[in-house]
Amino acid sequence: MRSNHVRLNCGITMPLIGLGTYSFPNYRKTTELAVHNALEMGYRHFDTAKIYGSEPALGKALNEAICEEEVEREDIFLTSKLWGSDHHNPVSALKQTLENLGMEYLDMYLVHWPVKLKPWVNYPVPNEDDFEKLDLETTWAGMEKCLEMGLCRCIGVSNFSSKKIECLLDYASTPPAVNQVEMHPMWRQGRLRKTCGDHKIHVSAYSPLGGPGNAWGSTAVVNHPIIRSIAFKHKATPAQVALKWGLSKGSSVIVKSFNQERMKENIGSFDLKLDNEDILEIEKLEEMKIMRGEFHVNETTSPYRTIQELWDDEI
Ligand SMILES: NC(=O)c1ccc[n+]([C@@H]2O[C@H](COP(=O)([O-])OP(=O)(O)OC[C@H]3O[C@@H](n4cnc5c(N)ncnc54)[C@H](OP(=O)(O)O)[C@@H]3O)[C@@H](O)[C@H]2O)c1
């Protein structure tokens, strides 16, 4: 099955369902096998980040499939992300990412968080003294350089609020093509979707199921009685309802499963048809942000003293 696509403001198209590759613990062989299985099922969009540690396994599996002529590089959409410690030099960080992946270019390179860390901070949860003064204008100029050098086809951001998007647009020569953020039936991002829509920036949904099974995730979405009853009505699964809701809002969904049955189930969400009344029921659910980003907040060295500051009150 081939996935549907969205055209981005940078002119290229992106498959609407992407396979997430963050897993903890991060087992190389498990990731490689999942990527091979995903390609066979029709996944063509893959999401990684330097900080996930999944670039080598993802790249190896993709390169094997390309060598075996199971797929062409041009048919794959590959995203990775600039970690906070690499804001000093996005070009050299992206070259390292490409080496990890064994690829000549990325389709999308995202600023992972609006946070700058000291150059040696290659771990996901920074310590209080790991932060540096944020200078997104310089970081974004480095991202634009990556684009000019042909190291990636598009650039974007992740975890940016409406306010941060609008500030970035004040000085960006190239606007971001994507803002990848948490989005699911219980964190619907109404205001951010409107801001991004006004500026033709595509909103890509991470943790579209609420991350059940992740240490920091929640089963609230897939166990919600309303989501379950909509799934029951359509002979679908709660995960399919959550994914189809995200797709129905025009977003792409980056969903992680390394389990063959659930991977099939997730890509099968395209075939589900939700009624208007299902969408209205979902719009009434209580909202709950799961990835709050507390680890990027402190009262001394972070640019954000509170999570309200990190998200500019969109929390
Ligand atoms: N930009 C960012 O800051 C950021 C942050 C978080 C995530 N991401 C990206 O987004 C991807 C997805 O986010 P996520 O992993 O946090 O959340 P998610 O995709 O909502 O949830 C993943 C979890 O749900 C389970 N799962 C998958 N399909 C399921 C199904 N059909 N039914 C029940 N459980 C299911 C998975 O376990 P199994 O593998 O056992 O199926 C896994 O534990 C990540 O892998 C990463 O690539 C980006």
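Helices (H or I, at least four residues) and strands (E, at least two) are DSSP runs, numbered from the N terminus. Keep in mind that this is a predicted model: local features need pLDDT of at least 70, side-chain atom pairs count only at pLDDT 80 or more, and totals for chains, interfaces and linings use all residues. Residues are numbered from 1 along each chain as its sequence is written.

**Stop one: helices 3 and 4.** Select residues 90-101 (helix 3) and 136-148 (helix 4); their axes come within 8 Å and cross at roughly 50°. That makes helix 3 oblique to helix 4, since angles under 35 degrees count as roughly parallel, over 145 as roughly antiparallel, 65 to 115 as roughly perpendicular and the rest as oblique. Now show Pro-90, Val-91 and Leu-94 from helix 3, which meet Thr-139, Gly-142, Met-143, Lys-145 and Cys-146 of helix 4. Contact here means C-beta atoms, placed from the backbone, within 7 Å.

**Stop two: helices 7 and 8.** Pick residues 225-233, helix 7, whose axis comes within 8 Å of that of helix 8 and crosses it at roughly 100°. The pair is therefore roughly perpendicular.

**Stop three: the core.** A nonpolar core is a set of buried Ala, Val, Leu, Ile, Met, Phe, Trp, Tyr and Cys residues joined through C-beta atoms within 7 Å; buried means 20 or more other C-beta atoms within 10 Å of a residue's own, with C-beta atoms placed from the backbone. The largest one here has 79 residues, and those with the most contacts inside it are Val-35, Leu-106, Tyr-109, Cys-152 and Ala-242. Helix 8 (residues 238-248) gives the largest share, six residues. Next, click Cys-152: beyond its neighbours within four places in sequence, its contacts include Leu-94, Leu-106, Tyr-109 and Cys-146.

**Last stop: the ligand.** Which residues are closest to the ligand? Of the 30 that surround it, Gly-20, Leu-209, Gly-213, Ala-239 and Ser-257 are the closest. A residue counts as near if its C-beta atom, placed from the backbone, lies within 6 Å. Finish by colouring strand 12 (252-255) and helix 9 (260-267), each of which supplies at least two residues of that shell. The largest share, three residues, comes from helix 9.

Note on methods
A residue is buried if 20 or more other C-beta atoms lie within 10 Å of its own, exposed if 12 or fewer, and partly exposed in between; C-beta atoms are placed from the backbone. Two residues are in contact if their C-beta atoms, placed from the backbone, lie within 7 Å. Axes are lines fitted to C-alpha atoms, for helices over the stretch in contact, and angles run from 0 to 180 degrees between N-to-C directions.
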